[in-house]
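Student: I would like to learn how to read strands and helix contacts in a model. Could we work through a case together?

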Amino acid sequence: MSEKMKTAVFTDIGQIELEECNRPEAKGNKALVKIDACAICTWEQRVYTGVNKVEFPFIGGHEIAAHIVALGENVNKEEWAVGDKVVVGATLQCRNCFFCKSGNSQSCDHFNHSAHLEGMPHKGMGGLSEYMLVSPDCMFKYDKVTPQEAAIIEPVSCVVHSVEAAQVQMGDMVLVIGCGIMGLLHVEIASRQGASVIVSDVNEERLKIAKSMGAKYTVNPKKENLAERVMEITKGIKAQVIFDTTPIASVVEDAFQCVSNTGKIVLYSSIHPAKKVPFDPGWMHSKSIQMIGTANSNDRDFVRAARMVSEGVIDTKPFISEVYEKEDIKAAFESAVQGDKFRVVVNF
Ligand SMILES: [Zn+2]
Ligand SMILES: [Zn+2]
């Protein structure tokens, strides 16, 4: 009889419960990891609230910190050992398509949040479980920080990807719109690239946090005109890079007002509800403006994010708003969907 484990399963909109299932066994080229902590991303919150449509039953969780408990017979023992602390990521890439093969697995053609991972009882990313069977391709070592802090490495990896896609240069004036966890991570990473960062958010408390994380200027668009303030701060030159981290389509029109000649607008967030926005192609042409979409992260981003967090270059502690035990998974989701937290983390 095989050993058992618990996994948290979405059974319907607004419904999540612990289910007992068989614990997978390490074999072949896969390792068995014990999950220590998993953070609840906006993506899982949208599954809970029914905005993201999935087929139930479904297992969420992709911001995962774990340690290796067993290695399959073909896993490279020079690289991996029982006890290694790892984050689990990049599990949904096919690693076969043109985009994966050419170093852009974050944009895999077969990216599928609802894949059925080996060893799991249902579809989904699997992190809200006690154990997972993981390919070494999807494990990234971390150390020196707690599993709760390490669970935030996945969001860091996505922002590493975004900031690199924008090619932020030393001396750039960068505008970050939105001071949720993703906006704040952009503030931290863009400042470390040598940029001077302006942040915009309607929440005064979050503007203060942004300042403590390296933002040079804060703008509250409820109280002042964002475009005018950016003109003032940059002495009429405007921003070289704008990261829009809000899900609101019309915000990109504010970004049009704030971007400098040869500037870049990075669309970081998914947009809810889906909506079209008009733009002037003649303006984009004559000012040499670039619009860039970015989503997810690849192996290279994960390796670097894991190192940045392990070495304390990025401190993820401020983003851990609450920690719950797995038995309280429903309460954890109820709290996370209030929208006033950075990350709610669940211990498994
Ligand atoms: Zn996430
Ligand atoms: Zn692919």
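Student: Which residue of β13 does K264 stand opposite?

Tutor: Keep in mind that this is a predicted model. In β13, the residue facing K264 is Q290.

Student: What holds strands together in a sheet?

Tutor: In general, strands pair through backbone hydrogen bonds, in a parallel or an antiparallel manner. Here six strands make an open sheet with parallel pairing, and the order is β10-β9-β8-β11-β12-β13.

Student: Which strands stand at the edges?

Tutor: β10 (217–219) and β13 (290–293) do. Each has a single partner strand, so one side of each lacks a neighbour in the sheet. From one strand to the next, the twist averages 20°.

Student: Now the helices. At roughly what angle do the axes of α7 and α8 cross?

Tutor: Helix α7 covers residues 226–233 and helix α8 residues 251–258; their axes cross at roughly 30° and come within 9 Å. Angles under 35 degrees count as roughly parallel, so α7 is roughly parallel to α8. The crossing of α7 past α8 is right-handed.

Student: Which residues make the contact?

Tutor: From α7 they are L226, A227 and V230, and from α8 they are D254, Q257 and C258.

Student: How do the residues of this contact divide into nonpolar, polar and charged?

Tutor: Between α7 and α8, four of the contact residues are nonpolar, one is polar and one is charged.

Methods. Residues are numbered from 1 along each chain as its sequence is written. Chains are lettered from A and ligands numbered from 1 in the order in which they are written. This is a predicted model: local features need pLDDT of at least 70, side-chain atom pairs count only at pLDDT 80 or more; totals for chains, interfaces and linings use all residues. Axes are lines fitted to C-alpha atoms, for helices over the stretch in contact, and angles run from 0 to 180 degrees between N-to-C directions. Helices (H or I, at least four residues) and strands (E, at least two) are DSSP runs, numbered from the N terminus. Angles under 35 degrees count as roughly parallel, over 145 as roughly antiparallel, 65 to 115 as roughly perpendicular and the rest as oblique. A crossing is left-handed if the near helix is turned anticlockwise from the far one by less than a right angle, and right-handed if clockwise. Two residues are in contact if their C-beta atoms, placed from the backbone, lie within 7 Å. Ala, Val, Leu, Ile, Met, Phe, Trp, Tyr, Cys and Pro count as nonpolar, Asp, Glu, Lys and Arg as charged, and the others, Gly among them, as polar. Two strands pair if DSSP finds at least two bridges between them.
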